[in-house]
Amino acid sequence: MKRLVLSAAAALAAFTFAASAAADPAHHPLYMPDARNMQNPALQPPPICCSPVGPPVAGEPAPVNMAYFGGHIQVVPKIYLVFWGWGQAGAFDHTTPGMPTYDPDGAAARMTDFVKAIGGTGWAGVQTQYYELDNGQEVHITNPANQFGGVWYDNTNPIHDNVTGLELAQEAQRAVAHFGVTDLHDSQFVIAQPQKFNEAGFNGGVGYCAWHDYTQPQYYPGVQPGISFTNMPYVLNLGSSCGQNSVNTAYFAGKLDGFTIVMGHEIEETITDPGAEDVINGQNLGGWYDYAAYENGDKCAWVGYTFGLSSPSTVPGGLNDITGNDGKKYAVQSLWSNDSAAGVGYCAGAGDDFPVTG
Amino acid sequence: MKTGVCRVAAVVVAASALLLTSVAAGATSSVTITTPRAGQSISLKKNPYLAVAGGVSFAATTPGSTAFYLRRDGCGTSNDNPHLSTTSGTDGGGGCGLIFNAVVGVGGDLDQGAFVDFPATDGMPLPLDATHAIDGAIALTGAQVGLATVDVTLEALVHGNAVTLGSDSESAVLDPTGNDTPIPFTIQPSATLDGSDLQALDLRVHIHGPNIYSGFISLNGNSYVHVPSYAASVNKAVQISVDDPTFANPTPARLDATGSGWSVAIPTPAIGKHTIYAESIQGFDTSAPASRTFTVTK
């Protein structure tokens, strides 16, 4: 019964917001602000509704449940990793004995292990409550053990510092061809950049760690439409602002925390909202987000994070380690769960849930 | 946690430890192939398996110790760069460090809540000798009096994974009239880590105490850590590859008891001319490959 009510409300919301958004074609990627820029007005999602809502309070969940806006979701997620230019000359300014020169900090290895390990975890399982409507039927997100699509170290197509969003989208298109992907709906592409060649906004101090978007001709001219991709810079460059040592405080143990926290945020947002809130010719391509356009990752970003003053996992829904399906620990943020707290909703899945869970 | 009061004798011992031998880096190994002989013809029918053997020379793995000095390039700037180095010298950040600006008195514990990481910027990789204890000293200087506690944790990367070598907490009564007060510490790493090739190293230092007004880590060679280590990695291997100089699918060989010879039996390759490649590996060092070409007949 609850589902029926929610579906009806969601459908209404989808209609209302689609019309509203069509009148306001403002578009930018959906940013994950760094931990010091959570309330930066420039990094908030584009407005979709008539009742303005302030940005989330830093370190706290953003209240109000998410609704379904009518676009597709990723029912059987497949995540493709592209390490663009990591083997290119000048990609790193250091080496580590025993580590590959193209991955001296182990970041690529950690991200790859993480994507291979998230399938079947309780963290990824938070997503299974969300669905798309196909001919009026709810088709829910699944949580299969293998969500890893593949990995590509692209050292053929040259990267450079200050790459643009369009260039990232073009790389995502090359990845589609490289992997031979035909099911774009369920596929997403993480374009990970090496230490010395990153996206211009990340380099320029705009204040975000990463973003995800959806290719449409209006925004990415010349790029194949319908590709869900993530701009994943080398977040270690921004240190604690993008999560370094935010969960695991030891120097090496926590050095790569930000990679899995930030990439996990973008991956799971893309699963529930692969259309990235786009509204094209009045049709809302967005999946799940709240009235203020915050997605399931945005609403729980950096919860409990105090930059080392206290452990974030002591706060319900705070940053924490999860155990992957390979038995290893990975730092993540929690994800918004409409079902948590008896349907009120809360940040969940990181092993430190609010006591009342759905 | 281990706590003790610093004694002058301990200071002398710690200071003399600075004279310990530093481990040489850049050791290499080499390998030869003696069997099969160059140009040898081998009958596939009579020899379904082919014996491959040779000699190998590895760098000596003499136990010793490597000294790492706490260093800092600046004071209170983005260029402070606290780090460990195997060389000592005058530090731009010498005398810079912790300012507590408060006294909480006996029974309290003034804790700045901050620690300083000193990651190693050279001296890696390092083959760890875990049969001996790691020791060192953190020297405190500045306006100070009373009890001070130094917490140290040593962390390393092994096989790409973070490993805590150990930690210690030591206290000393500071002497406001002296130049600095070395506080010795000792860490006994797990025996299971003996022979591990450390890829990276970090010393985390945290200072606290009830009566410190301001305190500084004395640098310029006065604060250091000695890590027992082998002159070269104890992890040795020889591997061979048939017709593939890239060793994409290598076959491991068996080292003999002397460590100077190796052998392995492989299925004799198909009829025709073949080249066997061999390389020796010691820690992260791989030798130049040796090769031997031979012919397999019916």
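## Chain A at a glance

Among contacts in chain A between residues at least 6 apart in sequence, 71% join residues at least 24 apart; a contact here is two residues whose C-beta atoms, placed from the backbone, lie within 7 Å. This is a predicted model, where local features need pLDDT of at least 70 and side-chain atom pairs count only at pLDDT 80 or more, while totals for chains, interfaces and linings use all residues. Residues are numbered from 1 along each chain as its sequence is written, and chains are lettered from A and ligands numbered from 1 in the order in which they are written.

Chain A carries 6 helices and 16 strands. Helices (H or I, at least four residues) and strands (E, at least two) are DSSP runs, numbered from the N terminus.

Let's start with helix 2 of chain A, residues 107-117, whose buried residues are Ala107(A), Ala108(A), Arg110(A), Met111(A), Phe114(A), Val115(A) and Ala117(A). They pack against strand 3 (78-84), strand 6 (148-154), strand 7 (187-192), helix 6 (257-272) and strand 14 (329-332) of chain A.

Helix 4 of chain A covers residues 165-179 and has 15 residues; from first C-alpha to last it reaches 21 Å, close to the 21 Å expected at 1.5 Å a residue (the expected span is 1.5 Å times one less than the number of residues). Its buried residues are Leu168(A), Ala169(A), Gln170(A), Glu171(A), Ala172(A), Ala175(A) and Val176(A), and they pack against strand 3, strand 6, strand 7 and strand 9 (228-232) of chain A.

## The nonpolar cores

A nonpolar core is a set of buried Ala, Val, Leu, Ile, Met, Phe, Trp, Tyr and Cys residues joined through C-beta atoms within 7 Å. The largest one has 96 residues, and Val82(A), Val190(A), Ile191(A) and Ala192(A) touch the most other members. Leaving out residues up to four places away in sequence, Val82(A) touches Trp152(A), Asp154(A), Glu171(A), Ala175(A), Phe189(A), Val190(A), Ile191(A) and Ala192(A). There's also a second, separate core of 44 residues, which includes Phe252(A), Tyr69(B), Leu201(B) and Val227(B).

## Where the chains meet

Contact between the chains takes 10 residues from chain A and 15 residues from chain B. On the side of chain A that touches chain B, the residues split into 7 nonpolar, 3 polar and no charged.

## Over to chain B

Chain B has 1 helix and 24 strands, and 39% of its 298 residues are buried. The domain assignment gives chain B domain 1 (8-22 + 65-230) and domain 2 (32-61 + 234-297); such bounds come from an automatic or database assignment. Between them, 5 residues of domain 1 of chain B contact 5 residues of domain 2 of chain B.

In chain B, 4 strands make an open antiparallel sheet in the order 1-3-21-20, where pairing takes at least two DSSP bridges between two strands. Its edges are strand 1 (30-31) and strand 20 (254-255) of chain B, each pairing on one side only. Strand 20 of chain B is joined by 2 bridges to the antiparallel strand 21 (residues 261-267) of chain B, with Leu255(B) partnering Trp262(B).

Methods:
Nonpolar A, V, L, I, M, F, W, Y, C, P; charged D, E, K, R; others polar. Buried ≥ 20, exposed ≤ 12 C-beta atoms within 10 Å, placed from the backbone.
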